[in-house]
Amino acid sequence: MTTYDFKDGNGPVPAHQHPNGGGWITDTATVAVSAFVGPDAAVFDNAVVTGNAHIFDKAKVFGNAKVSGNAQVYGNAVVTGNALVFGNALVFGNALVTRNALVYGNARVFDTVVVYGNAHVFDNAVVYGNAKVHGNAKVSGDAHVFDNAVVFDNAKVLGNAEVFYNAKVSDNALVFGNAKVSKTPVRISRSDGYDFVIVPCSNNVDRIIAGCRYFTFEEADKHWNKEHPKYAETTIILRSLKELYELQKSL
């Protein structure tokens with residue numbers, strides 16, 4: 001019986017080298033013949049690699065993780081827990097995808113990024129730098145999350161939105177369109193639970209995001225006019241948002 005030590009604390013375990021690439025695989029893992037596992041890569045525990053997926057360089061896939069489709073995991077990247085990476089997704093650098101996280105579509109996750117919890121990164125989204133995406137957060141569309149940004153809880157970042165620098169986007173926040181968030185956004189909740197957030201955009205026009213609304217201040221004033229049942233409260237929120245935002249920019 002052939003054994004190999006995956007350096008995971010379990011010592012040498014029954015294993016074999018994959019015929020397509022020569023990487024080591026535990027006998028408990030499942031790797032399709034069509035997949036590629038490079039000579040320095042490893043697939044162990046109960047991990048599953050199928051389709052035309054490529055695992056190479058010093059990448060590791062273990063736990064109950066699954067990598068499928070045309071996905072690629074390389075560099076020093078790690079996919080573990082119950083994480084799934086599929087489609088044409090790329091996970092590389094020192095990235096970690098773990099727990100129940102999903103990375104799929106044409107998404108790219110790299111550098112020292114950590115994606116975990118029940119987070120989803122998909123479509124053409126790109127997450128890099130020291131960014132973190134976790135909780136039930138979703139990053140999709142052509143969105144970019146980078147630097148030291150954190151997206152978590154039930155937050156969603158989509159469209160062409162960018163979240164970067166030291167920004168934290170959380171709770172039920174929705175960042176979309178051409179919004180650019182470089183600091184933790186100013187957010188005020190209305191009495192009915194409706195969140196109002198102000199963000200700068202790529203065309204240098206600040207916008208109010210509230211639910212599916214994506215308004216300039218002028219558009220917001222017209223929408224939540226005197227005939228609106230929440231006019232008085234919303235007017236105070238909009239004024240306060242603008243004042244807080246201007247203060248934040250001056251700090």
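Tutor: Strands β32 and β33 (residues 213–215) run antiparallel, joined by 3 bridges. Strands here are DSSP runs of E of at least two residues, numbered from the N terminus, and two strands pair if DSSP finds at least two bridges between them. This is a predicted model, where local features need pLDDT of at least 70, side-chain atom pairs count only at pLDDT 80 or more, and totals for chains, interfaces and linings use all residues. Residues are numbered from 1 along each chain as its sequence is written, and side-chain values use heavy atoms, leaving out hydrogens and water.

Student: What do β32 and β33 form?

Tutor: A hairpin, with 2 residues between the strands; G211 in the turn has a positive phi of about 60°. A210 stands opposite R213 in β33.

Student: Which way do the residues of β32 point?

Tutor: R207 and I209 point one way, I208 and A210 the other, and all are buried. Buried means under 20% relative accessible area, exposed over 50%, and partly exposed in between, using a 1.4 Å probe and protein chains only. In a regular strand, side chains alternate between the two faces of the sheet.

Student: New topic: where is T80?

Tutor: T80 is in the loop between β12 (78–79) and β13 (84–85).

Student: Buried or exposed?

Tutor: T80 is buried, because its relative accessibility is 12%. Beyond neighbours within four places in sequence, T80 has contacts (heavy atoms within 4.5 Å) including F62, L96 and R99.

Student: And where's S170?

Tutor: S170 is in the loop between β27 (168–169) and β28 (174–175).

Notes:
Helix = DSSP H or I, 4+ residues; strand = E, 2+ residues; numbered from the N terminus.
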